[in-house]
Structure formats: structure tokens, C-alpha cells
Amino acid sequence: MDTKLDTKLIQIEDTKKIKDEELSEAAAIIRRGGLVAFPTETVYGLGANALDEEAARKIYAAKGRPSDNPLIAHISCLKELEPLVSEIPEAGRKLAEKYWPGPLTMVFPKSEKVPYGTTGGLDTVAVRMPSDPVANRLIALAGVPIAAPSANTSGRPSPTMAEHVWQDMNGKIDMIIDGGPVGIGVESTIVDVSGEVPMLLRPGAVTMEMLRETVGRVEMDPAIQGPPKENLRPKAPGMKYRHYAPKAALTLVEGETDNVVAEINRLVKEHMAAGERVGVICTEETKERYPEGILRSIGVRSQEETIAHNLFAVLREFDDLQVDCIFSESFSKHDLGQAIMNRLTKAAGYHIIKV
Ligand code: TXA
Ligand code: MG
């Protein structure tokens with residue numbers, strides 16, 4: 001049994017002017033095989049030396065994560081990619097040029113340097129170069145690639161602020177770096193560039209349209225387009241888990257806005273009458289239209305970035321409020337909406353009412 005760690009919380013004074021002294025202890029922890037949670041532009045990550053199998057094992061233990069679910073190796077500049085991969089396919093090179101540093105992860109054939117403990121036994125490795133200045137500086141100072149899944153307990157919504165990480169990881173890791181709330185709020189886009197045609201494994205802020213603009217043909221992993229099917233396994237092992245899930249039963253209501261509002265109000269009434277605590281996820285445009293239930297606005301419908309940014313925090317808030325059930329409006333599936341709806345439908349266990 002691991003002993004409880006004394007988790008240190010440090011605050012970056014000004015993320016636009018990071019001093020190396022602020023990150024030197026964190027970098028030393030990574031180098032000696034410890035765990036440090038840090039901000040990225042997508043969500044907070046839980047970092048360890050990606051080349052150290054024993055350090056990777058600690059990540060799985062802290063998260064309670066199944067060990068067949070591989071980790072993303074984070075790098076700070078392009079020259080750190082080469083030692084990790086056995087080949088850089090043309091599509092990978094083009095996408096790296098266009099979207100790195102940024103919210104894009106690419107899957108490459110791995111080199112011998114990357115241990116199977118990091119890749120969950122796979123012969124490929126997922127690599128990302130984050131643009132967040134704290135993440136970037138930390139990786140550079142550590143001098144090793146940093147393996148980092150989202151810094152939540154496995155199955156909980158990903159953390160978008162240091163406080164979320166504290167809730168899940170206090171006592172389990174060495175340090176949390178608070179760099180303020182993240183920018184994007186949903187995890188990176190994952191594209192497998194190891195095969196003939198690049199394949200989208202997880203939608204994110206770099207959208208399908210953006211990928212196609214850069215490399216032409218891109219396919220979408222069929223297994224992520226609907227509810228889990230027995231003979232259709234997602235190519236990103238993590239996508240098979242009921243992830244991002246709030247504790248309460250979440251139901252999405254889909255359709256024309258007036259009908260959605262009416263149906264959610266009907267459901268709220270019905271469940272409140274049964275004595276339940278009921279949550280509603282609405283938007284700035286609709287929030288005045290729900291007379292009952294515990295309301296949380298997730299953002300501005302016409303500005304998808306605000307919805308992505310608030311999504312996981314709202315799901316966590318409903319956990320804290322201990323509601324029994326949550327009814328949510330649904331959103332467009334275009335552009336960033338594809339990532340939003342991917343996370344929301346998974347959080348809902350694909351429970352969707354169409355009106
Ligand atoms: O935005 C992000 O990507 C965040 C920040 C911290 O960088 N990280 C993140 O990591 O979301 P995680 O571990 O929560 O999700 C990584 C996903 C999982 O679904 C995993 O199965 C998949 O990437 N993955 C990792 N390596 C892979 C590989 N070699 N082949 C296919 N999928 C892989
Ligand atoms: Mg995750």
C-alpha cells in the first residue's frame with residue numbers, strides 16, 4: 001500500500017513571465033520519477049517521465065486507471081519528437097508544422113526508447129506539443145518527455161482548474177502547479193498518422209475540417225461515432241470507458257430549442273415530484289426559461305468555445321451538489337461542437353431523448 005504523499009501546491013505568479021526558478025523543483029520531481037500535475041491549454045495533465053516505466057506505473061495508480069490505456073508523451077519542441085518515434089509520416093510532419101504547439105495529439109510508430117509501460121503495450125506512441133507556456137517550460141526544464149493523462153481520477157470529468165486536480169489528487173502525487181483555469185476545456189484532438197490514411201480517434205479543438213484542410217483525406221474511427229458495440233473497439237483505448245461521467249444520471253435532450261426546453265421542463269417536474277434533486281444544463285440564451293430545478297448555464301450557444309470551456313466544470317459542480325439526475329440541452333455537432341457532443345454523449349452513457 002502506498003503511503004499518503006504530502007502534495008505541494010505551487011502557484012505561477014504570471015504565466016506570461018514564467019521564471020525558471022518557479023518550475024525547477026517540479027522539473028526535478030519529474031526527473032527523479034515523481035508525479036506533477038500541470039496546466040495545459042486543453043485540460044490539466046498528470047505528468048511523469050515518459051521514458052521511466054516505474055514513473056508511468058505511479059500515474060496509473062494515482063488515477064486508478066486501467067493499465068491498458070496508453071499515455072500521451074508531451075514534448076516542448078520538434079527535435080524531441082525524433083527519438084520517440086521510428087518514423088515521421090508525411091501527414092504527421094504537415095500537421096505538426098501547422099498545429100504544434102497546440103491541442104493536437106498524433107499517434108506514431110514508437111521507437112525502442114519508449115517503454116511499453118507508457119504505451120499500454122502498444123507499438124505506437126501518442127505525442128503532443130502543448131502551447132501552454134507553463135507546460136512547455138516544464139517539459140523543457142525536465143529534459144525528458146512528460147507522459148500525462150488528464151489529471152482526474154479515472155472516470156471523473158477532466159480537470160480544467162487546479163482546484164479540480166486538488167479534489168482528485170491531493171495525497172496521491174508530489175506536486176500540483178496552479179497556472180489558472182485552462183483555455184480550451186476539452187482534451188486534445190487525437191489523430192493516428194501511423195497508417196495509410198490519417199484517422200481521427202478523438203475529436204477536439206483541431207477539428208476534422210481543419211485536419212482535412214491540411215492533409216486531405218482523414219477518416220473517423222467508426223467506433224467513436226455511436227454507443228459502444230461489442231465487435232467495434234475504439235482505436236484509442238481510453239475512448240471505450242464511460243468517461244467524463246458525473247455521478248448523477250445524465251440525459252441529453254436533442255431537437256429544436258423550443259421543444260427541448262419544454263421537454264426538459266416536463267422531465268424536471270416529473271423527477272422533482274418523485275422526490276429527486278434535479279439538475280439542468282442550459283445556456284445563456286435559454287436560462288430564463290426554466291422555472292424549476294438546479295440550473296447551470298454552460299455558456300453561450302452561439303459561442304462554442306464558452307461551452308467547451310465550462311463543460312467539465314459544470315459536470316463536476318453537479319457532483320458537488322449531489323443531484324440525482326441531470327437533463328442537458330444538446331449542441332451542434334459541427335466544428336468544436338463535435339468534441340463537445342462527443343464528451344457529453346459519453347458522459348450521458350448515450351442516453352439521448354429526441355424531441
Ligand atoms: O488534451 C489532452 O490530450 C490531455 C492533456 C493533459 O494533454 N491529455 C489527455 O490524456 O487527455 P488522456 O490519457 O486522458 O487521454 C489520452 C487518450 C486515451 O484515450 C488513450 O487511449 C489515447 O489517448 N492514446 C494514447 N496513446 C495512444 C496510442 N498509442 N494509440 C491510440 N490511442 C492512444
Ligand atoms: Mg482523460
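The model is predicted: local features need pLDDT of at least 70, side-chain atom pairs count only at pLDDT 80 or more, and totals for chains, interfaces and linings use all residues. Residues are numbered from 1 along each chain as its sequence is written, chains are lettered from A and ligands numbered from 1 in the order in which they are written, and side-chain values use heavy atoms, with hydrogens and water left out.

Start at ligand 1. Its shell holds 28 residues, each with a heavy atom within 4 Å of the molecule. The closest are Thr42, Asn69, His74, Ser188 and Gly238. By class, 15 are nonpolar, eight polar and five charged. Here Ala, Val, Leu, Ile, Met, Phe, Trp, Tyr, Cys and Pro count as nonpolar, Asp, Glu, Lys and Arg as charged, and the others, Gly among them, as polar.

Now the oxygen atoms of ligand 1. A backbone N or O atom of Gly238 lies 2.6 Å from one. A side-chain N or O atom of Ser150 is 3.0 Å from an oxygen of the ligand. For Arg128, a polar side-chain atom lies 3.1 Å from a ligand oxygen. The protein covers 99% of the 680 Å² of accessible area that ligand 1 has on its own (Shrake-Rupley method, 1.4 Å probe).

Which elements build the shell? β4 (72-74), β6 (124-128) and β10 (199-202) each supply at least two residues. The largest share, four residues, comes from β6. Strands here are DSSP runs of E, at least two residues long, and helices are runs of H or I, at least four, numbered from the N terminus.

Next, the space itself. Ligand 1 takes up the largest pocket. A pocket is an open set of points on a 1 Å grid over the protein atoms alone, with protein on both sides within 12 Å along at least five of seven lines; lining residues have an atom within 4 Å of a point. A molecule sits in one if more than half of its atoms lie within 2 Å of its grid points.

About 530 Å³ of space lies in this largest pocket. Its lining counts 33 residues, with Arg65, Pro70, Ile72, Ile190 and Arg202 nearest the centre. β4, β6, β9 (189-192) and β10 each give two or more residues to this lining.

Finally, the backbone. Most residues other than glycine have a negative phi, and most peptide bonds are trans. The bond from Trp100 to Pro101 is cis, with omega near -5°. Pro101 sits in the loop between α3 (90-99) and β5 (104-109). Asp335 has a positive phi of about 50°. Its place is the loop between β15 (325-329) and α10 (336-347).

Terms used:
A polar contact is a pair of N or O atoms within 3.5 Å; within protein, one must be able to donate a hydrogen and the other to accept it, and residues adjacent in sequence count only if both atoms are side-chain atoms. On a 1 Å grid over the protein atoms alone, a cavity is a set of points where a 1.4 Å probe fits but cannot get out, and a pocket is an open set with protein on both sides within 12 Å along at least five of seven lines; lining residues have an atom within 4 Å of a point. Grid points are joined across faces, edges and corners, and a volume is the space filled by probe spheres set on the points.
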